[in-house]
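Hello,

Here is the structure we talked about passing on. Please open it alongside this note; what I found follows below.

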Amino acid sequence: MYARFFKRFFDFSLSLIALIVLSPVLLILTILGAIAMNGNPFFTQKRPGKIDKKTGKEKIFKLIKFRSMSNKKDKNGNLLPDEVRLNKYGRILRSTSLDELPELINILKGDMSIVGPRPLLVQYIDRYSPEQRQRHNVRPGLTGLAQVNGRNAITWEEKFALDVSYVRSISLIQDIKIILATVKAVFNRSGITSASSATMEEFMG
């Protein structure tokens, strides 16, 4: 009942309120980001959303975040490694999760939910096992079970297992617990990087 009828209502209402309340913060970060990144403060990228029951394929939407990495390139025009492009301003954004705030717009539009599996890269779709792909049976989330249980510090297999577990047991109580745990994780700044990368290694299947 909650997943089918009420979850979307809560997502729309809470994201709208959050956008209004946080509008001064969003404006300030937009200005600071434009300065720190020497241009466009926003990062957009196509991500897979919920599987459409009619087509059997994921809805592809454009995720929007605050840019945390510069576009610095080497002499051959190739982007430099993440750890080089992730400047001090970007590290602050990521450690406080402020870079995720523009995703409230995605939630308002219906591309995402407040709680759900994080939207990953489009090219990962063909690399999932049938069970792992079940994470796309619901809208992707701003935060999720994997984010409050290690985030980028756990393996892909552990992350997907948590995602599928969430999909199979969605409830209002669980969503509230995840939101509260997310607030705690943000303040603790835990799980932001993996053991060997500034972000998270590519999932190869």
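**Helix α6 and its buried face**

The model is predicted. Start at α6, where the buried residues are Trp156, Lys159, Phe160, Asp163, Val164, Tyr166 and Val167. Looking down the axis of α6, these buried residues fall within an arc of 155 degrees, so they line one face of the helix. The cover over them includes α1 (2-21), β3 (113-115) and α7 (172-188). Helix α6 itself runs over residues 156-168, 13 residues in total. From first C-alpha to last, α6 reaches 18 Å, close to the 18 Å expected at 1.5 Å a residue.

**Overall build**

The protein has seven helices and four strands. Along the sequence, their pattern is α-α-β-β-α-α-α-β-β-α-α. The C-alpha atoms fill a box of roughly 50 × 40 × 35 Å along the principal axes. The radius of gyration is 17 Å, which agrees with the value near 17 Å for a compact globule of 205 residues. Of the 205 residues, 43% count as buried. Take the contacts between residues at least 6 apart in sequence: 69% of them join residues at least 24 apart.

The largest nonpolar core has 23 residues. Leu29, Phe66, Leu101, Leu104 and Tyr166 touch the most other members. At least two residues of this core come from each of α1, α2 (23-36), β2 (58-66), α4 (88-96), α5, β3 and α6. Leucine 29 is in contact with Phe66, Tyr89, Leu93, Leu98 and Leu101, leaving aside neighbours within four places in sequence. A second, separate core has six residues, including Tyr124, Tyr128, Trp156 and Phe160.

Which residues of α5 deserve a look? I would pick out asparagine 106 and glutamate 103.

Asparagine 106 sits in helix α5 (residues 103-109). Its relative accessible area is 1%, so asparagine 106 is buried. What does its side chain reach? The side chain of asparagine 106 reaches the backbone oxygen of lysine 62, at 3.0 Å. Not counting residues up to four places away in sequence, asparagine 106 touches Phe61, Lys62, Leu63, Ile64, Asp111 and Met112.

Glutamate 103 is also found in α5. With a relative accessible area of 0%, glutamate 103 is buried. Beyond four places in sequence, glutamate 103 touches Leu63, Ile64, Lys65, Met112, Arg118 and Leu142. Glutamate 103 and isoleucine 114 lie eleven residues apart in sequence, and their C-alpha atoms are 9.2 Å apart in space.

Most residues other than glycine have a negative phi. Two residues here are worth checking against that.

Asparagine 38 has a positive phi, near 55 degrees, and is not a glycine. Asparagine 38 is in the loop between α2 and β1 (42-51). Its relative accessibility is 72%, so asparagine 38 counts as exposed.

Serine 97 also has a positive phi, about 65 degrees, although serine 97 is not a glycine. Serine 97 is in the loop between α4 and α5. Is serine 97 buried or exposed? At 16% relative accessibility, serine 97 counts as buried.

Best wishes

Conventions
Residues are numbered from 1 along each chain as its sequence is written. This is a predicted model: local features need pLDDT of at least 70, side-chain atom pairs count only at pLDDT 80 or more; totals for chains, interfaces and linings use all residues. Side-chain values use heavy atoms; hydrogens and water are left out. The expected span of a helix is 1.5 Å times one less than its number of residues. Buried means under 20% relative accessible area, exposed over 50%, partly exposed in between (1.4 Å probe, protein chains only). The arc is that of the directions from the helix axis to the C-beta atoms. Contact means heavy atoms within 4.5 Å. A polar contact is a pair of N or O atoms within 3.5 Å; within protein, one must be able to donate a hydrogen and the other to accept it, and residues adjacent in sequence count only if both atoms are side-chain atoms. A nonpolar core is a set of buried Ala, Val, Leu, Ile, Met, Phe, Trp, Tyr and Cys residues joined through side-chain atoms within 4.5 Å. The radius of gyration is taken over C-alpha atoms; the globule rule is 2.2 Å times the number of residues to the power 0.38.
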